[in-house]
Amino acid sequence: MEISFVGKRALVTGAGKGIGRATALTLARCGAKVTAITRSQADLNGLMQECPSIIPVCVDLADWEATEATLQDVGPIDLLVNNAGCSSLQPFLEVTPDQFDRLFNVNVKAVVHVSQVVARGMKARGSGGSIVNVSSQASKCALRDHAMYCATKGALDMLTKVMALELGPHQIRVNSVNPTVVMTEMGRMAWSDPDKANPVLSRVPLGRFAEVDDVVNSVLFLLSDKSNMTNGVTLPVDGGFLAC
Ligand code: NAP
């Protein structure tokens, strides 16, 4: 199945590393005009070296005003990937207000903000569009020391469904992908210790964690017109972890 994004304009958040970086590069290879948002200029420099057609945007999405100002210059967008996310591990009884705010600001509030700006444009142009939120299996399964992360991803799943409900009449589809562990920088931070990783890995029927490309392929499918009738789903990319 060939997927082409020729003529489409895509915005990917958290495009400096990991899943977001690979998504931005793959979208560009498939013909999309890609705008890449992240907060480290060095990562954007590397991305532009690898793919000079990518438009770099450096902003901390936790900063509402800075994000608002930046998004005014981005122009019309057909495809949005809300991928930027952060994690912070601690036992539930040790969660601090700062950790709560940081995770909700990036993992939920920034998704609301970026999606509002992009979807308002899609609605005004009457062009429709597709939005994919990068959630996690942690939205549906309790993971030790992940109280805030699980809570933000659970919120993101419901946000995805309500956005699908309200934006569907404007032909804007909204879905999420919900990966299991992926050994990106974030994945290594949480799951490098085999004593922590093996009990989770042993519950994946396919017997492995996800590769970055497993996630990117599902994101591309949901962005593309191959999934034209799919709206409001939270798609596990988890080798069957959530089925058991
Ligand atoms: P990653 O390797 O840590 O990359 C995250 C990217 O997002 C980085 O470029 C980071 O920039 C950027 N970012 C984070 N906070 C930002 C902010 N406030 N403003 C702008 N950019 C920001 O993470 P990943 O593993 O690719 O994760 C991508 C998404 O997949 C996240 O939503 C994550 O929750 C989800 N996910 C990951 C896994 C996993 O095991 N890795 C599993 C399920 C779901 P800096 O590096 O400069 O901060």
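Let me start with C51, which is placed in the loop between α2 (41-50) and β3 (55-58), where helices (H or I, at least four residues) and strands (E, at least two) are DSSP runs numbered from the N terminus. C51 is buried, with a relative accessible area of 14%; buried stands for under 20% relative accessible area, exposed for over 50%, and partly exposed for what falls in between, with a 1.4 Å probe and protein chains only. The C-alpha atoms of C51 and R29 are 8.8 Å apart, although 22 residues separate the two along the chain.

Before I go on, a word on the model. It is a predicted one, in which local features need pLDDT of at least 70 and side-chain atom pairs count only at pLDDT 80 or more, while totals for chains, interfaces and linings use all residues. Residues are numbered from 1 along each chain as its sequence is written, and side-chain values use heavy atoms, with hydrogens and water left out.

Now to the ligand. Where does the ligand sit? The ligand sits in the largest pocket, a pocket being an open set of points, on a 1 Å grid over the protein atoms alone, where a 1.4 Å probe fits and which has protein on both sides within 12 Å along at least five of seven lines; to sit in one, a molecule must have more than half of its atoms within 2 Å of the grid points. There are 29 residues around the ligand, and of these K17, R39, S40, Y149 and T184 come nearest, with a residue counted as near if one of its heavy atoms lies within 4 Å. This shell divides into 12 nonpolar, 12 polar and five charged residues, where Ala, Val, Leu, Ile, Met, Phe, Trp, Tyr, Cys and Pro are taken as nonpolar, Asp, Glu, Lys and Arg as charged, and the others, Gly among them, as polar. As for secondary structure, α1 (18-29), α5 (147-167) and α6 (185-191) each supply at least two residues of the shell, and the largest share, three residues, comes from α6.

Turning to polar side-chain atoms, R39 has one at 2.7 Å from an oxygen atom of the ligand, K153 has one at 3.0 Å from a ligand oxygen, and in the side chain of T38 an N or O atom is 3.2 Å from an oxygen atom of the ligand. The protein covers 94% of the 900 Å² of accessible area that the ligand has on its own, as computed by the Shrake-Rupley method with a 1.4 Å probe.

Two further buried side chains deserve a look. N107, in helix α4 (residues 97-125), is buried at a relative accessible area of 0%, and its side chain reaches the backbone nitrogen of C86 at 2.9 Å. Q137, in the loop between β5 and α5, is likewise buried, at 2% relative accessibility, and its side chain makes a polar contact (a pair of N or O atoms within 3.5 Å, one able to donate a hydrogen and the other to accept it, with sequence neighbours counted only if both atoms are side-chain atoms) with the side chain of T180, at 3.0 Å.

Finally, the backbone. Most residues other than glycine have a negative phi. D145, in the loop between β5 (129-134) and α5, is not a glycine, yet has a positive phi of about 70 degrees, and D145 is partly exposed at 24% relative accessible area. Q171, in the loop between α5 and β6 (172-179), also has a positive phi, near 60 degrees, and Q171 is exposed, with a relative accessible area of 59%.

Conventions: 1 Å grid on protein atoms, 1.4 Å probe; cavity = no way out; pocket = protein on both sides within 12 Å on 5 of 7 lines; lining within 4 Å.
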